[in-house]
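Please consider the arrangement of secondary structure elements in the following model, and how its chains meet.

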Amino acid sequence: MEKERHVLVVFPHPDDEAFGVSGTIATHVQNGTPVTYACLTLGEMGRNMGNPPFTNRENLPKIRKEELKAAAAALGIQDLRMLGYRDKTVEFEDDEKLANAMLSLINDVNPSLIITFYPGYSVHPDHDATGAAVVRAVEKIPAAARPKLHCVAFSNNCVQELGEADIIHNISAVAGIKLAAIQAHRSQTEQMFGDVTEKLKNQDPQMMVWINNERFWTYKFNK
Amino acid sequence: MEPIKNHLQVQEAINKYANQDVYIHLETTNGAYASHHDQTFFSAGAYIRNALVRYEHGKITGTDPYRVGLKINLGWIYAEGLTHFEVDEQNRLLLAGHDNKGKLAVALEISPTPFE
């Protein structure tokens, strides 16, 4: 993995960082690169609350905030920023204001690499809206001065329309840290984790590919 | 949250907030990934937070899952699929419907003060 000066990760929900990119984050941290994680919401609208439910709609964000801090600690992220937007409303924010908020963040952090979602190919409306806001922000920077932009995509049509990912990081060296980050989001992952743990124990081939490979598409700017 | 076993407990809580200003949280959701996992699935939902209303009366009906309807000054509010409830430390009546995997599918909450 290329050594970066500073990595900025921008996602809307606590746990977005854990599944797709936590191995990449952990590797950058181990390389001595500072990583800033800006998380737009606290996942207030999450539907997982255990079975039987151990919390409620109003207390879930408090739990998820602590889980987010724990996941960041597991990954060695020093700079965690919670931006205070509300889950499932990001796409309804004023586009220009949101892009400007992302631009201030980028100017403040001054990253050499930004990681976010690929707008239009990331399934959840908050994912697409976050990626789109970051893209609009980066487009405001003169082309020569822009940080690199690596996007996560997982819609059913992403490979068909974007082609194969141009960056694949094998993160097996830090897979243990990645699993710790996923487990830190206990309220959201515990139910699925029973199954995951079993598959890992058996070195389920599909599961190992999913855990060990993190794929990114370098964003292609039109402007 | 507890499973609604005695619907009269919920009815009492509903009665307490009648004829006064209350804030309503109401949501229904299939989850943002429903159509991703099953492309034939038509995902729909609605959400309102901190609607300020007064209801003249409210009622819980059905047999697990339950329905709750509130007759407000110019109309109605209702939710169906409710399975769990709680009166929390801020004196808010939280009602929710959890599906058979525990996932929240519907919530109706009534509070004398605005939700965060």
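Axes are lines fitted to C-alpha atoms, for helices over the stretch in contact, and angles run from 0 to 180 degrees between N-to-C directions. Helix 2 of chain A contributes Glu67(A), Ala70(A), Ala71(A), Ala74(A) and Leu75(A) to the contact, and helix 6 of chain A contributes Ile177(A), Ala180(A), Ala181(A) and Ala184(A); two residues are in contact if their C-beta atoms, placed from the backbone, lie within 7 Å. By class, the residues of this contact are eight nonpolar, no polar and one charged. Ala, Val, Leu, Ile, Met, Phe, Trp, Tyr, Cys and Pro count as nonpolar, Asp, Glu, Lys and Arg as charged, and the others, Gly among them, as polar.

This is a predicted model, in which local features need pLDDT of at least 70 and side-chain atom pairs count only at pLDDT 80 or more, while totals for chains, interfaces and linings use all residues. Residues are numbered from 1 along each chain as its sequence is written, and chains are lettered from A and ligands numbered from 1 in the order in which they are written.

A further helix pair in chain A consists of helix 3 (residues 95-109) and helix 4 (residues 125-139), whose axes come within 8 Å and cross at roughly 65°. The residues of their contact divide into nine nonpolar, no polar and one charged.

Chain B contains an open sheet of three strands in the order 4-5-6, with antiparallel pairing; strands pair if DSSP finds at least two bridges between them. Strand 4 and strand 6 of chain B are the edge strands, each pairing on one side only. Strand 4 (residues 55-62) and strand 5 (residues 66-72) of chain B pair over seven bridges, and three residues lie between them in a hairpin. Strand 5 of chain B is also joined to strand 6 of chain B by seven bridges, with Lys71(B) opposite Trp76(B).

Finally, the two chains meet: 14 residues of chain A are in contact with 19 residues of chain B. The chain A side of this contact comprises five nonpolar, six polar and three charged residues.

Key
Helices (H or I, at least four residues) and strands (E, at least two) are DSSP runs, numbered from the N terminus.
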